[in-house]
Amino acid sequence: MPDANIYHAFFLVKLPQPVNGHYIIRAACFKKESDFRRQLKLRVVVKDTENITECDYKYGQLLKFSTIDEKLEDYSIIVINEAATPLFERNMLLLDSIRYQIKDFIVSAAQLSTSGIYMNPVLGEMRDPMLTIWPGTMQLAEFQVVMQDENEFTYEIRDIGDMEIIDLVNSNMMEEGMVFKDRPTHYMYLSDTQYTSLKMALNENRKLVCIQGAPGTGKTLVLAHLIAILLFNKKKAIVLTPTPESLKKIWHTSEKVMNEMGFPYSSDTIVDIEKFDNTFKKVNENEGIHKQIERGEDVMSRANFVFAQFGSAFIKKAMRFKSFVPSLIIIDNGNYVSESQPVPACFQGIRMVIAGDPSQLSPIDYYEIKPDPAHQKLSIMDRIINDKKRFSYIQLDKLYRCHADIIRWSNLTFFGRLIENKFDVTNTLDRTIFNRRNTLPTLNRGPYAETVLIDTSAVTDKEERVLTYERLSEALLPDKRTYENIGEKDIALLHYKHLRDFGIAASQIAILTCYQGQVDLLRAGMETYIENGETDPTCRETTIATVDSVQGLEFDCVIFSMVRSNPKLDMGIVAEPHRMNVLMTRAKRHLFFIGNGFLIAHQEEKTKIKHLLTIFRNHRFHPNHVKYILTDSEYETTNNVESYFEDFADWTNDESMKTDI
């Protein structure tokens, strides 16, 4: 059969009645390298006439066939080539639509001569409303067959395809035993291991570099030095983080390092989604799509770095511009990135540097219920570390963020005391505030130590004790329960007020908890303080948030409200060691922990939570100390919830806590 009679089609439907020994199908037909494109009813030659009613083709299936007719039209007789290899690979996740992928293809400028139109050499004209296709070599694009009327159809480019980040990581594996020689480079104020990790990250022969380190060991600082040197060498890179807070932090750290190293940069150096979108807002609608492309190319040609959050559509937008060709993908807080996180397939072949700490929170979505183990996924950091011989891996071993007393529990629980603490032990909160002229008696200075536990289990007064019991928050999250604790809220805000009175900046204090209900309560309490004139409006600069949301951030002082206080000794998500590790590594000089010491002491040994009491052993106080009312500090933790169960039952609105004690 001559090639002139060879066609392809996307199968649409089999019609009910056979005709003269043929079954009838409706298909979207096209001819390669031509403009022929029509929906037709075709008569299919059947080899097994006894099974003429059978048709195994699926909606959207790509068929290759020949016809004996000179012209293909309605009711032409065709013979389907069952053994033909499909021209394109179908997207099997969207079987209710006709979507196919084009892989590893070259695009010339001539194929994009008309704005929003791509002339594919096989399929012909394809609409490209999002300007996905650009000149050069493209690894992947996806198109959809769009029906226009009974007879016509067209193709529309949908998007650059995605791949899971684990597949991207695996493509950068190295053979075991490979040896690399890293060159010296610029550096300032880096430790030996930080400098080594920087040299590794700059080595273009290392396809993937993984930097692991405890909080405060300088992972983000190393990445900032990497960004500064890439800028100096006029290289381009994409910087990705899982949260907007961590994205802001790495930029501010990079800016500081560039200034210290004297590397000039401008407002054009970094492009984020806000700057990119503002570029297109300046385009007059009458100027058309070509003007948009021109402006976009201009912005991206001057940019050295794209800063974006995982999942942002901006990443793909940036990769469409031929003037932005990154040499490196930099990922901070990789422990919070799931192994199944989608990334643009065009990332393949680009070197990667990933930093993170698996001892922090993983990408599991805990919220405030127990996670389903069947749905827990490893982070990309876990995957790399589990097979670290196949990657360029280094662990940072010196800590600079936290006072040694604050980091002690984390160092013991997660790092086997292997982290060397380089924090200046003389840089303490009490030295700062009590070197100033104030009249606070020495006996009242205990709550300003590096680590302090305000133990609510010591409260015996009924009126005050009841307030320290947990309640379900009225602001229920969808399908989830959240908690609040009024007594702990009052203690937290009182200590906060004292810190502000001693001159601690509002932005350097964080009030944290694990429950959104308590966050809402604390924020409302802060607003009441401000409205009543008990503190100034700058207090709105203080972070009041969940522990999960501040991963990667640091503060001079952290006030933590545990919230949970119940007769079942259930600490809920507070007892998750990785979450507690995030909390215990946020404060640099002062950690003020408010909670029921009896609950902490009676947690399971395997969680290591009960060992928190060891770091507070010299600074465990009755809540009255926050009010500067001295109380005997020598007391045992007591179960002041179960011992007064009737009081708890009257107070709580959680019916599940009133039974099976």
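Where does V325 lie? V325 is found in the loop between α7 (314-319) and β17 (328-331); helices (H or I, at least four residues) and strands (E, at least two) are DSSP runs, numbered from the N terminus. The model is a predicted one, in which local features need pLDDT of at least 70 and side-chain atom pairs count only at pLDDT 80 or more, while totals for chains, interfaces and linings use all residues. Residues are numbered from 1 along each chain as its sequence is written, and side-chain values use heavy atoms, with hydrogens and water left out.

V325 counts as exposed because its relative accessibility is 60%; exposed means over 50% relative accessible area, buried under 20%, and partly exposed in between (1.4 Å probe, protein chains only). V325 and K235 are 90 residues apart in sequence, and their C-alpha atoms are 9.1 Å apart in space.

T546, in strand β27 (residues 543-546), counts as buried because its relative accessibility is 15%. With neighbours within four places in sequence left aside, T546 is in contact (heavy atoms within 4.5 Å) with L512, T513, Y515, Q516 and V519.

Next comes a barrel. Five strands form a closed barrel in the order β1-β2-β3-β5-β4, with mixed pairing. On average, neighbouring strands of this sheet are turned by 55 degrees against each other, direction ignored; axes are lines fitted to C-alpha atoms, for helices over the stretch in contact, and angles run from 0 to 180 degrees between N-to-C directions. Strands of a sheet pair through backbone hydrogen bonds, either parallel or antiparallel. Two strands pair if DSSP finds at least two bridges between them.

Strands β2 (residues 22-30) and β3 (residues 37-45) run antiparallel and are joined by nine bridges; R26 has K41 in β3 as its bridge partner. β2 and β3 form a hairpin with six residues between them, and E33 in the turn has a positive phi of about 55 degrees. β3 also pairs with β5, in the parallel sense over three bridges, and R43 has I77 in β5 as its bridge partner. Strand β4 (residues 62-67) pairs with strand β5 (residues 76-80) in the antiparallel sense, over three bridges; here T67 has I78 as its bridge partner.

The last topic is a pair of helices. Helix α2 (residues 192-202) packs against helix α3 (residues 219-232) at an angle of about 45 degrees, with the axes 10 Å apart. That angle makes α2 oblique to α3, because angles under 35 degrees count as roughly parallel, over 145 as roughly antiparallel, 65 to 115 as roughly perpendicular and the rest as oblique.
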